[in-house]
Amino acid sequence: MPEVYRNYIAGQWVECKSKKTVPNVNPANTDETVGLFQSSAAEDAQAACDAAAKAQPAWAGLPAPRRGEFLFKAAEILESRLDKLAEDMTREEGKPLPEAKGEVKRAINIFRYFGGEGARAFSYQIPSERDNVFCYTMRKPLGVVALITPWNFPSAIPAWKMAPALVAGNTVVVKPASLAPLSAYRLVEALDEAGISPGAINYVTGGGGAVGNTLVDHPAVRAVSFTGSCEVGGKLYERVTRRRIRVQLEMGGKNPTVVLKDADLDYAADILVNGAFFSTGQKCTACSRAVIEKAIYEPLVEKLVAKTKKLKVGNGLEPGVGMGPAVDESQLKTDLEYIEIAKKEGAKLLCGGNRLTGGIYDKGYFVEPTIFAGVTNEMRIAQEEVFGPVLALMVAEDFDDAMRLANSVRFGLSASIVSRDLTRVHQFINRIEAGLITVNLPTAGVEYQLPFGGTKESSFGMREQGPLALDFYTETRTVYLKYTQ
Ligand code: NAP
């Protein structure tokens with residue numbers, strides 16, 4: 001019998017009111033149920049928000065360095081369980097074990113980084129133009145914040161929202177994605193064992209509509225931080241702004257890698273394989289468009305296809321596997337649908353394009369890493385987020401044409417360039433429409449101590465992670481203090 005995981009409300013592990021659960025199924029082996037999670041409804045979300053509201057004044061009253069200590073302790077607990085937590089993640093989400101391990105390490109680093117924020121200088125002292133007046137700003141927490149997270153980074157994303165929210169003095173209700181709720185559960189479990197004040201962090205699983213809407217509508221909730229699809233983010237935005245509370249949305253991407261004619265072709269091919277196919281292309285920062293200068297197009301594509309064919313697809317727990325399954329049947333269907341759309345629109349299939357079957361593949365949602373050539377800007381495969389291992393190749397006449405193609409989408413999350421030409425690299429950095437820019441690196445693979453976020457339709461609101469993260473979770477108060485009368 002699979003283990004039953006409960007909600008965490010007011011410092012207690014509790015069943016949802018209906019006592020119903022939903023299975024969390026391993027996408028690489030659908031015979032395995034990773035766990036049973038609470039099928040919460042509005043009343044459970046309401047209880048979590050009430051608990052957070054009750055706990056908030058006392059939590060905010062603790063000195064910030066002491067709030068940070070809970071994050072440090074939780075980080076230690078998580079570190080002692082690193083291997084187990086990585087395995088949990090691979091089993092619920094499908095990504096290969098080394099990637100899962102990297103993500104858990106990142107969550108640990110995030111807890112430590114924001115634990116340290118508790119003891120750093122938060123605000124400014126600014127000179128006054130008046131005599132004997134001392135001016136400064138101070139940060140105040142917002143109150144209760146609701147965090148709604150996706151399945152593809154099931155540990156790092158909840159961590160990078162929870163940690164700054166908590167250290168700033170907010171209390172939190174987190175709702176993880178139904179497809180991968182265990183990794184966030186592990187973070188909350190560690191905070192519980194670290195002795196965090198009851199009600200400071202609350203965890204509720206359940207369908208996005210019922211739980212999500214209640215969180216957004218609860219009068220105590222003063223901010224919503226969401227990561228997920230543009231579709232859900234758009235609806236959430238309309239709902240949240242009716243209440244005029246703070247909102248932060250991190251959504252989809254259609255991220256380009258531009259390869260210029262001076263690039264080392266083997267190096268460029270490796271970067272494309274990593275960016276497009278690691279984590280089965282299920283990263284918001286994954287590369288889904290390669291924009292290649294005409295002069296090197298043929299030889300680069302030859303190397304890229306050869307390297308892609310060598311990628312071992314399988315259960316991420318097996319050594320040597322480079323790409324795991326799609327996260328569920330619906331995502332697999334989406335991948336295969338886009339492959340058909342691309343073919344119908346006239347793109348040329350260079351490799352992949354099929355669901356994998358036979359042996360272990362029959363137990364999971366495996367699809368081949370897929371590359372299309374001859375993709376033009378008007379095709380849906382060039383414009384829409386697939387969120388799977390499907391790479392579209394586009395030929396650029398020259399650098400200006402490459403910039404035109406790279407910027408011709410509604411998204412603007414991440415973008416990379418492969419080149420040794422310093423002038424072109426700087427021009428790219430200035431002209432590319434993306435919030436995250438990498439040079440001679442894949443589009444994915446960012447670090448916790450720097451700001452994260454996109455432009456255009458990929459993101460809305462303030463940046464996450466790094467030193468800017470606290471701006472979202474605090475309000476600035478400005479003080480003018482005259483120390484004479
Ligand atoms: P999703 O379907 O939008 O779901 C995200 C979260 O929203 C889940 O917890 C979901 O709950 C919840 N939700 C669904 N309907 C809701 C509603 N009506 N109100 C409130 N919450 C609701 O996205 P996903 O499939 O999990 O994740 C994939 C997407 O996330 C991709 O588009 C990817 O690009 C994007 N993403 C962006 C970033 C970034 O930082 N820019 C990072 C990672 C992923 P259920 O799971 O219960 O439906």
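This is a predicted model: local features need pLDDT of at least 70, side-chain atom pairs count only at pLDDT 80 or more; totals for chains, interfaces and linings use all residues.
Over the whole structure, a search finds four cavities of 30 Å³ or more. Rolling a probe the size of a water molecule over the atoms shows where empty space is left.

## The largest pocket

The largest pocket holds about 1100 Å³ of space. Its lining is made of 38 residues, and Trp151, Phe226, Gly228, Ser229 and Val232 lie nearest the centre. Of the lining residues, 15 are nonpolar, 14 are polar and nine are charged.

Four elements, α7, β11, α8 and α11 (329-344), each supply at least two residues of this lining. The most comes from α8, which gives six residues.

## The ligand

The ligand sits in the largest pocket. The elements that give two or more residues to the shell around the ligand are α7 (208-217), β11 (221-227) and α8 (230-242). Here α7 gives the most, with four residues, whereas in the lining of the largest pocket α8 gives the most.

There are 30 residues around the ligand, and Thr149, Ser178, Ser229, Met251 and Glu385 come nearest. The shell divides into 14 nonpolar, 13 polar and three charged residues.

A polar backbone atom of threonine 149 is 2.8 Å from an oxygen atom of the ligand. At glycine 228, a backbone N or O atom lies 3.3 Å from a ligand oxygen atom. At methionine 251, a backbone N or O atom lies 2.7 Å from a nitrogen atom of the ligand. Taken alone, the ligand exposes 910 Å², and the protein buries 85% of that.

## The second largest pocket

About 710 Å³ of space lies in the second largest pocket. It is lined by 29 residues, with Arg106, Ala444, Gly445, Val446 and Glu447 nearest the centre. Two or more residues of this lining come from each of α4 (97-117) and β19 (436-439). The largest share, six residues, belongs to α4. By class, the lining of the second largest pocket has 14 nonpolar, eight polar and seven charged residues.

Terms used. Residues are numbered from 1 along each chain as its sequence is written. Side-chain values use heavy atoms; hydrogens and water are left out. A residue is near a molecule or strand if one of its heavy atoms lies within 4 Å of it. A polar contact is a pair of N or O atoms within 3.5 Å; within protein, one must be able to donate a hydrogen and the other to accept it, and residues adjacent in sequence count only if both atoms are side-chain atoms. Accessible areas come from the Shrake-Rupley method with a 1.4 Å probe; for residues, only the protein chains shown count as cover. On a 1 Å grid over the protein atoms alone, a cavity is a set of points where a 1.4 Å probe fits but cannot get out, and a pocket is an open set with protein on both sides within 12 Å along at least five of seven lines; lining residues have an atom within 4 Å of a point. A molecule sits in a cavity or pocket if more than half of its atoms lie within 2 Å of its grid points. Ala, Val, Leu, Ile, Met, Phe, Trp, Tyr, Cys and Pro count as nonpolar, Asp, Glu, Lys and Arg as charged, and the others, Gly among them, as polar. Grid points are joined across faces, edges and corners, and a volume is the space filled by probe spheres set on the points.
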